[in-house]
Amino acid sequence: VIVPSWSFISTANSVIFVRGKPVFVDIEGENFGIDPNLVSEKITSKTKAIIPMDYGGLSCKINELMELAKSKNQILIEDAAEALGSKVKGKKVGSIADSSIFSFCGNKVLTTGEGGAVVTNSKEIFEKLKLIRSHGRVDTKNYFDNTDAAQYLGIGYNWRMSTITAALGLTQISKLDKIIKMRQENAKYISSHISKFPEIQIPNVPDGYDHIYQMYTIRLPDKITRDNLQNHLLSKKIFCKVYFDPIHLTTFYRKEFGTSKGMLPVTERLSEQVLTLPIYPNMTNEEKSYLVESISEFFEKTKAPE
């Protein structure tokens with residue numbers, strides 16, 4: 001199964017859970033998504049599926065990947081954990097691939113604390129997912145209201161979302177557009193104030209794409225500048241973090257699959273340049289001002305003398 005190394009580790013781990021082998025493919029530098037041109041080169045007779053990932057609230061090149069998957073008779077499973085509500089050429093993320101997954105973890109645009117959802121237009125996938133989430137059991141009515149013997153058609157898990165958890169998510173669905181708009185306004189403010197620094201590359205939004213800013217990630221020219229800026233912001237009590245360190249360079253993947261530094265140059269270079277800054281819907285003007293002023297302070301201090 002073809003996966004990016006530029007993601008949270010669960011993207012690759014999910015393949016191992018079903019006894020598959022993750023095959024890492026490098027990303028492109030525009031959307032930070034898996035590179036469709038490189039995917040084509042990696043497809044073999046053993047390839048079963050492609051799992052691209054949408055980074056930080058911006059879709060990968062999902063249309064190109066879907067076209068490729070169809071031409072190669074591959075299943076496309078979109079890891080859209082970070083992109084709920086975003087669009088590509090007017091189509092919502094989650095409506096293009098064979099199936100897409102969304103995360104409702106605490107840092108996502110819609111959260112239930114933990115958990116997530118899978119969406120698909122395939123009746124076959126839909127029915128299979130219902131079995132997997134509930135011990136492989138066919139449920140025609142609520143299990144605890146059913147006096148008939150249960151039918152178990154295969155192996156499944158206890159992956160049902162609780163009613164309480166679902167209620168948290170349902171209350172936010174009607175607010176989702178408002179939440180996204182607040183994030184976009186905050187991102188616009190931050191971008192307008194820090195784009196004046198030539199060392200900073202603000203988040204890219206290609207034509208035809210909508211960015212929901214689940215994360216606000218900037219790109220610096222090199223690791224030294226990135227690390228120094230991060231340390232400066234942390235000293236100012238501003239939380240900032242690197243998303244992501246490459247999966248293929250983790251101890252587990254090096255040991256189990258023999259992955260090594262140098263195999264994914266774009267992924268490895270970006271991981272040394274990116275820094276994710278705080279962004280959330282109810283950021284106050286004071287918080288945004290403090291963030292941009294702290295960044296300005298760093299670059300003013302590091303300016304070379306005349």
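## Lys236 and its neighbours

Setting aside the residues within four places of it in sequence, Lys236 touches Tyr290, Ser294 and Glu297, where a contact means heavy atoms within 4.5 Å. Lys236 sits in the loop between α7 and α8. The helices here are DSSP runs (H or I, at least four residues), strands are runs of E (at least two), and both are numbered from the N terminus. With a relative accessibility of 22%, Lys236 counts as partly exposed; buried means under 20% relative accessible area, exposed means over 50%, and partly exposed is in between (1.4 Å probe, protein chains only).

How far apart are the C-alpha atoms of Lys236 and Ser294? They are separated by 7.4 Å, although the two residues are 58 residues apart along the chain. The side chains of Lys236 and Glu297 are joined by a polar contact of 3.4 Å. A polar contact is a pair of N or O atoms within 3.5 Å; within protein, one must be able to donate a hydrogen and the other to accept it, and residues adjacent in sequence count only if both atoms are side-chain atoms.

## What you are looking at

This is a predicted model, in which local features need pLDDT of at least 70 and side-chain atom pairs count only at pLDDT 80 or more, while totals for chains, interfaces and linings use all residues. Residues are numbered from 1 along each chain as its sequence is written, and side-chain values use heavy atoms, with hydrogens and water left out.

## Two helices against α10

Start with helix α7 (residues 223-235) and helix α10 (residues 285-301): their axes come within 10 Å and cross at roughly 130°. That makes α7 oblique to α10. Axes are lines fitted to C-alpha atoms, for helices over the stretch in contact, and angles run from 0 to 180 degrees between N-to-C directions. Angles under 35 degrees count as roughly parallel, over 145 as roughly antiparallel, 65 to 115 as roughly perpendicular and the rest as oblique. On the α7 side, Thr225, Asn228, Leu229, His232 and Leu233 meet Ser294, Ile295, Glu297, Phe298 and Phe299 of α10. The residues of this contact between α7 and α10 split into five nonpolar, four polar and one charged. For that count, Ala, Val, Leu, Ile, Met, Phe, Trp, Tyr, Cys and Pro are nonpolar, Asp, Glu, Lys and Arg are charged, and the others, Gly among them, are polar.

Now look at helix α6 (residues 176-194), which packs with α10 at an angle of about 25°, the axes being 10 Å apart. That makes α6 roughly parallel to α10. From α6, Asn186, Tyr189, Ile190, His193 and Ile194 meet Lys288, Ser289, Leu291, Val292 and Ile295 in α10. The residues of this contact between α6 and α10 divide into six nonpolar, three polar and one charged. Ser296 is also found in α10. Is Ser296 buried or exposed? Ser296 counts as buried, at 16% relative accessibility, and beyond its neighbours within four places in sequence it is in contact with Lys196 and Phe197.

## Helix ends and covered residues

Helix α4 (residues 123-133) has Ser122 as a cap on its N-terminal end, with a side-chain oxygen of Ser122 3.3 Å from the backbone nitrogen of Glu124. After α4 comes His135, with a positive phi near 65°. His135 lies in the loop between α4 and β9 (137-138) and is partly exposed at 34% relative accessibility.

In helix α1 (residues 10-17), the buried residues are Thr11, Ala12, Asn13 and Val15. Their cover includes β1 (2-4), β2 (23-25), β4 (75-79) and α8 (251-257). Just after α1, Arg19 has a positive phi of about 65°.

Most residues other than glycine have a negative phi, and most peptide bonds are trans. Tyr213 is not a glycine, yet its phi is positive, about 55°. You'll find Tyr213 in the loop between β11 (209-210) and β12 (216-219), where it counts as buried at 11% relative accessibility. Which residues does a cis peptide bond join? Tyr243 and Phe244, with omega at about 15°. Phe244 is in the loop between α7 and α8.

## A buried threonine

Thr112 belongs to the loop between β7 (99-103) and β8 (116-120). Thr112 is buried, with a relative accessible area of 8%. Its side chain reaches the backbone oxygen of Glu114 at 2.5 Å. Leaving out neighbours within four places in sequence, Thr112 contacts Phe104, Met161, Thr165, Leu168 and Gly169.
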